[in-house]
Amino acid sequence: MIRGITDTVKHLLIINVIMFIGTFAIQNGVPFRAWFALYFPENPMFKPWQIFTHMFMHADVMHILFNMFALWMFGTAVETQLGSKKFLFIYISAGLGAVLFQLGFHYFEYLPLKQVLIDGGVSNDRIVEVLSDNKVFTAVGDKLNEVFSIPMVGASGCIMGVLAAFGMMNPEAKLMLIFLPIPIKAKYFIPGIIILDIISALTGQSFFSPNNTAYMAHVGGALTGFFIMWYWKKTQFNKNRWDR
């Protein structure tokens, strides 16, 4: 590893930076977002590989700076303690868990509203056509369009899984939010962040993140990291142990 950065974290940082540069260097990001951001599965722009590629996409400079800073800070510690294989497994698994939770939440919002339109005589094909053209003028249509059209990008779900793993291994470590510089032990800090994300997802009230944050992705990533660490801790002395 190079100074202060473990090898896997270093490679992830490089991939994210390359994707970020490519996004804004090529046609103002239009093709990169179309190919690699994660669209809602009912949107014709959805492609299966977006489930993975969106983890390496970011919306703007502050987005990537915050995520990469957290990846360096917590990822380096987790990789040092667990080894590269376990760290990368947590990272990717948390990203997939984030997708599962966020898309599940989107379907929870989308399907009842879509059914209102279908009950009113609007066909599914017509709904997709209108949403694809971004031509909606009702409260129901606007909410459907929000879910349907805004793609998901970012490594936040992955990093929340890494943060949960860090907290499981270092429960007494003291962490702070940039906007709330009060040291809080990891065993309280991380559950608190998850609870705030759940509240934000359900109410639309943002506490420390932008309003367009995929809050349930944070929750899914954190819970995935937690359960992976719980399982490894439970089975560390039997045949299921993952060798470093």
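Which helix does Phe226 lie in? Phe226 belongs to helix H10, which spans residues 215–234. Keep in mind that this model is predicted. We will start with the whole protein, move on to its helices, and then come back to Phe226 along with a few other residues.

**The whole protein**

- The protein is built from ten helices and two strands.
- If you start at the N terminus, the order of the elements is α-α-α-α-α-α-α-α-β-β-α-α.
- There are 244 residues in the protein, and 43% of them count as buried.

**How H1 packs on H4**

- A handy idea for this part: two packed helices are described by the angle between their axes and the distance between the axes.
- Helix H1 covers residues 7–25, and its packing angle with H4 is about 170°. The axes of H1 and H4 are 9 Å apart.
- With that angle, which is over 145 degrees, H1 counts as roughly antiparallel to H4.
- On the H1 side, the contact is made by Asp7, Thr8, Val9, Leu12, Leu13, Asn16, Val17 and Phe20.
- On the H4 side, the contact is made by Val61, Ile64, Met68, Leu71, Trp72, Gly75, Thr76 and Glu79.
- Sorted by class, the contact of H1 with H4 holds ten nonpolar, four polar and two charged residues.

**How H4 packs on H5**

- Helix H4 runs over residues 61–82 and helix H5 over residues 84–119. Their axes are 7 Å apart and meet at an angle of about 135°.
- This angle makes H4 oblique to H5.
- H4 brings Leu71, Gly75, Val78, Glu79 and Leu82 to the contact, while H5 brings Ser84, Lys86, Phe87, Ile90 and Tyr91.
- By class, the contact of H4 with H5 has six nonpolar, two polar and two charged residues.

**One face of H6**

- Which residues of helix H6 are buried? In this helix, made of residues 124–132, they are Ile127, Val128, Val130 and Leu131.
- Looking down the axis of H6, you would find these buried residues within an arc of 165°, so they line one face of the helix.

- Trp72 sits in helix H4, and its relative accessible area of 36% makes it partly exposed.
- How far apart are the C-alpha atoms of Trp72 and Thr6? They are separated by 8.6 Å, although the two residues are 66 residues apart along the chain.
- Setting aside neighbours within four places in sequence, Trp72 is in contact with Gly4, Ile5 and Val9.
- Thr53 is found in helix H3, residues 50–53.
- Is Thr53 buried or exposed? Its relative accessibility is 18%, so Thr53 counts as buried, given that the cut-off for buried is under 20%.
- Apart from neighbours within four places in sequence, Thr53 is in contact with Trp35 and Phe36.

- Phe101 is part of helix H5 and is partly exposed, with a relative accessible area of 32%.
- Phe101 and Val219 are 118 residues apart in sequence, yet their C-alpha atoms are 7.4 Å apart in space.
- Not counting residues up to four places away in sequence, Phe101 touches Met216, Val219, Gly220 and Leu223.
- Back to Phe226: this residue is partly exposed, with a relative accessible area of 32%.
- Phe226 and Val162 are 64 residues apart in sequence, and 8.8 Å separates them in space from C-alpha to C-alpha.
- Ala164 and Met168 are the residues that Phe226 touches, not counting those up to four places away in sequence.

**A loop residue: Gln27**

- Where is Gln27? Look in the loop between H1 and helix H2 (30–36).
- Gln27 is not a glycine, but it has a positive phi of about 50°.
- Gln27 is exposed, with a relative accessible area of 62%.

Conventions. Residues numbered from 1 in each chain as written. Predicted model: local features only at pLDDT ≥ 70, side-chain atom pairs only at ≥ 80, totals over all residues. Heavy atoms only, no water. Buried < 20%, exposed > 50% of the residue type's maximum accessible area, 1.4 Å probe, protein only. Helix = DSSP H or I, 4+ residues; strand = E, 2+ residues; numbered from the N terminus. Arc of directions from axis to C-beta. Axes fitted to C-alpha atoms, helices over the stretch in contact; angles between N-to-C directions. Parallel < 35°, antiparallel > 145°, perpendicular 65-115°, else oblique. Contact = heavy atoms within 4.5 Å. Nonpolar A, V, L, I, M, F, W, Y, C, P; charged D, E, K, R; others polar.
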